[in-house]
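Here are my notes on this one, as numbered points. Have the model open while you read.

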Amino acid sequence: MDLIRTEGQRMTAAQPSETTVGNMVRRVLKVIREEYGRLHGRSEESDQQESLHKLLTSGGLSEDFRTPYPSLRANVIEAINEMLIELEGTTDNIAMQALEHIHSNEVIMTIGYSRTVEAFLKEAARKRKFQVIVAECAPFCQGHEMAVRLSKENIETTVMSDAAIFAVMSRVNKVIIGTKTILANGALIAVSGTHTLALAAKHHSTPLIVCAPMFKLSPQFPNEEDSFHKFVSPQEVLPFTEGEILAKINVHCPVFDYVPPELITLFISNIGGNAPSYIYRLMSELYHPDDYEL
Amino acid sequence: MAARGTARRGAGAGSARGPDPQEEPPPPLQAVLVADSFNRRFFPISKDRPRALLPMANVAMIDYTLEFLTATGVEETFVFCCWKSAEIKEHLQKSKWCRHTSPNTVRFVTSDLYRSLGDVLRDVDAKSLVRSDFILVTGDVVSNFNISKALEEHKLRRKMEKNVSVMTMIFKESSPGHHARCKEDDIVIAMDSATNRVLHYQRTQGLKRFRFPMSLFQNSIENVEVRHDLLDCHISICSPQVAELFTDNFDYQTRDDFVRGLLVNEEVLGNQIHMHVMTEEYGAHICNLLMYEAVCSDIIRRWVYPLTPEMNFSDDKNQSYTHSKHNIYRGVDVSLGHGSVLEENVLIGQGTVIGSNCSITNSVIGQNCRIGDKVTLDGAVLWDRVHIADNVEIHHSVICDEAEVKEKVKLKPRCVLSSQVVVGPGITLSEGTVISLHPPDEEEEDDDQFSDDSGVNKEESKVKLKGYNKKDVGSEGRGYLWKADDKNEEDEEEQRQSLWGPALHSEEESESDSDLSMGSEEPDSRAASPQLDDIKVFQNEVLGTLQRGEEENISCDNLVLEINSLKYAYNIGLKEMMQVLSKVILEFPLQQLDANLDSQNYFSALLPLLKNWTPLFKNYIKRASDHLNALCAIEEFFLEHDSLCTSIAKVLMTFYQLEILEEDVILNWFSLRDTSDKGKQLRKNQRLQKFIQWLEEAEEESSDGDQD
């Protein structure tokens, strides 16, 4: 376990903004704990955490993980395979729920390019007719790609600039977005421009739906906002060829935005729809508290 | 000086899987990394540390280069080292490049005999290290280019026209005033837009006017672009022929020589150089301190993403930084005193302690430094283990390893404190001061720069002899004021110039005044500059011959022989020879007369000469075109010497009478339509007109005579 932990630390240190890597490491650790626990003879229900009763009665439960079990390895590998299958099916799971959420003749807004949202909308488009407005998400303009893909499915798509988000919001029925990471308090780390979208949606009381598979849920809290940020080369914002002025100004190009949980209405994930305030519970099913801090 | 490394990179395992899968797998991409720059630009800093190991944002420069190469897919790198090779080797062996998991194998080739890039490439050829196309790069290149596209284009070009294209140079598009453009390295390039072929390459250093040979625009290429917005990154994709060409031409020392040589000999050898311009990504070559500072600040401001400090691409445990707002990077175990402010664009290395009430902006601080209270750092670059006492102000300076700055010192911009120097309390170092522990007069001998060991002994003995100048370094100081070496002077001057902001505006004054438009009168005979020199030399030789002929009364046959042999020696065409000959002869009396440029005198001096040398002329003027050439030359001569215009008629008359020139030709020439304005004016000369009239009458008479 320590080996996995060290490797996990190394991997997350390499690129802290890719939280999925850390999430998967934690899942694997949890799987190992479960399998060990099962073999060790404890029943499956024994959640070492959460239940207050258990916390009071069971005192200090310490797993020492020392006892070798020959079948532990095989069990762990099997569990990991199950996890892999589940991972592959997440997008389809989410897409299956599309019909419940999207009704005919609705105007849906989204931002940037998310494969999950794309699958979601495509699935709904098979049965229902609706329109989509895509905010282009400067400076990388991934919204364009999204619009192209959606229009191939014969969905009526409009691309607009980020500045027009608030102006158009009054005509929008729902906002559906994807995200990079879901934090432990239900907040989002999503592409730059999502916070604008969320605020505009809140102002017009438009529901904001986030489609994200569970592997994006990360047990970290947004303590240091800086640690999630990724600033890339300012080339996108102000190209290098501008010349002399570059020596006198500071140019930043952040990739991600922080969206607080109050602005989000619903999370749709492969295990169903949840409110943001429930995220902490979901976390306990996926990760073990000792692993929150790799 | 940095050692040279030649890194070979194998490449192309990915990119070559193109059209023909049945070909054998493409050879791995190789690279040649020259870790020595063969100049003393960075003295005295590079006396202690080779240039390739100078830290840019606390990471050695050669690491950036290797990272760039590895990211391109290079699989084998040859690092050529000369100066301080042991240090470079040690550094690289400890780094991640030499681990067995590294995708890029680094091999070292060390020799003390290298004196230039040319030597390295000759060695490459001699040892047959390179098997196919390779990337040639120097050890001080920082870039995040993705040159796979350029690589593919290069390979395609070589495949299409068998081995004609020898090298592809990589340039970055950047406007002239940009702070990352090195003034020394600036170039003007003329290229063919369709094929990206380089037609003309010129360094612009210090020049305000540029001359482009006419042949550039006269050949059949449709779109010629002349570009000044390119930054030379010193990255080239070379074919194996490059190494061979260096071996063939022993005087090629630098890449510039090579490029110019190839361009000049293009028709002969048929080799071409192409180029690739990068617009999006970052690339720069560190050639002087100003570039060093510029690129350091670019790295901190994340222009070279993903090679940013917090990425820790060199995988060094000491180098993990956290990135915060306003580009503040803090290493591990950094302690910041109360009230200290890190304003923006600051990188602080591991283990550094900063006192209270400091104000730090735009700076790079190395590891394990100790900075006192109330210190102001603005644009400072501090290396490792530097001690700075209280109340110090440092502006735009470089302070090397383990130097110490005592209290109340003020460093004005562009100071350099070399390693282990101590600057005493209370002094102010003026702009551009360089202080080093190595006494300055040591460095005259060239050998010193390449042999580490002998230098050390000499310095120690000299240090005992000299004390430290208190005025320079303060009462507790240690170090010598580095008297500007030639190079360091340039460094300072250029830094001053470019900091004062005049952008390169070389094109403004290139409007050619009509006075200097000699080019319009001298047509295609003077196509390329080497030929121009030849003609001048030939002219001098002919002049010499004729002078001797006159003094020693040599017979005309011998003169003809001499001139013929000169003609072959300098490879002069008949037409040019004719012109030169006429010009020389016509100018001959001028030398004898010098002060007195009067037509009469001139003519009287010229006449006997013409008479003597008639056989000469007759020998060379046989066909009509020769006559015409001679006449053109005469015309030019008289246009240049306006005062002698009046005697043109007499000269022509003489030529006619001596039967050197025939009437038809003269009349032909006279009636030439497309002459310049001055030519027309010449023709209006009265005497000339009279002469022409006389000629016409004479011709009519003779033609009448013939008919009978």
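1. Helices here are DSSP runs of H or I, at least four residues, numbered from the N terminus. Keep in mind that this is a predicted model, where local features need pLDDT of at least 70, side-chain atom pairs count only at pLDDT 80 or more, and totals for chains, interfaces and linings use all residues. Residues are numbered from 1 along each chain as written, chains are lettered from A and ligands numbered from 1 in the order written, and side-chain values use heavy atoms, without hydrogens and water.

2. By class, twelve nonpolar, two polar and three charged residues make up that α2(A)–α4(A) contact (Ala, Val, Leu, Ile, Met, Phe, Trp, Tyr, Cys and Pro are nonpolar; Asp, Glu, Lys and Arg charged; the others, Gly among them, polar).

3. Now chain B: Ala150(B) sits in helix α5 (residues 148-160). Ala150(B) is buried at 1% relative accessible area (buried is under 20%, exposed over 50%, partly exposed in between, with a 1.4 Å probe and protein chains only). The C-alpha atoms of Ala150(B) and His276(B) are 6.3 Å apart, though 126 residues separate them along the chain.

4. Which residues form one aromatic cluster? Phe246(B), Tyr252(B) and Phe258(B) do. Phe246(B) is buried at 2%, Phe258(B) at 0% and Tyr252(B) at 9%.

Terms used: Helix = DSSP H or I, 4+ residues; strand = E, 2+ residues; numbered from the N terminus. Phe/Tyr/Trp six-rings, centres within 6.5 Å; stacked < 30°, edge-to-face > 60°.
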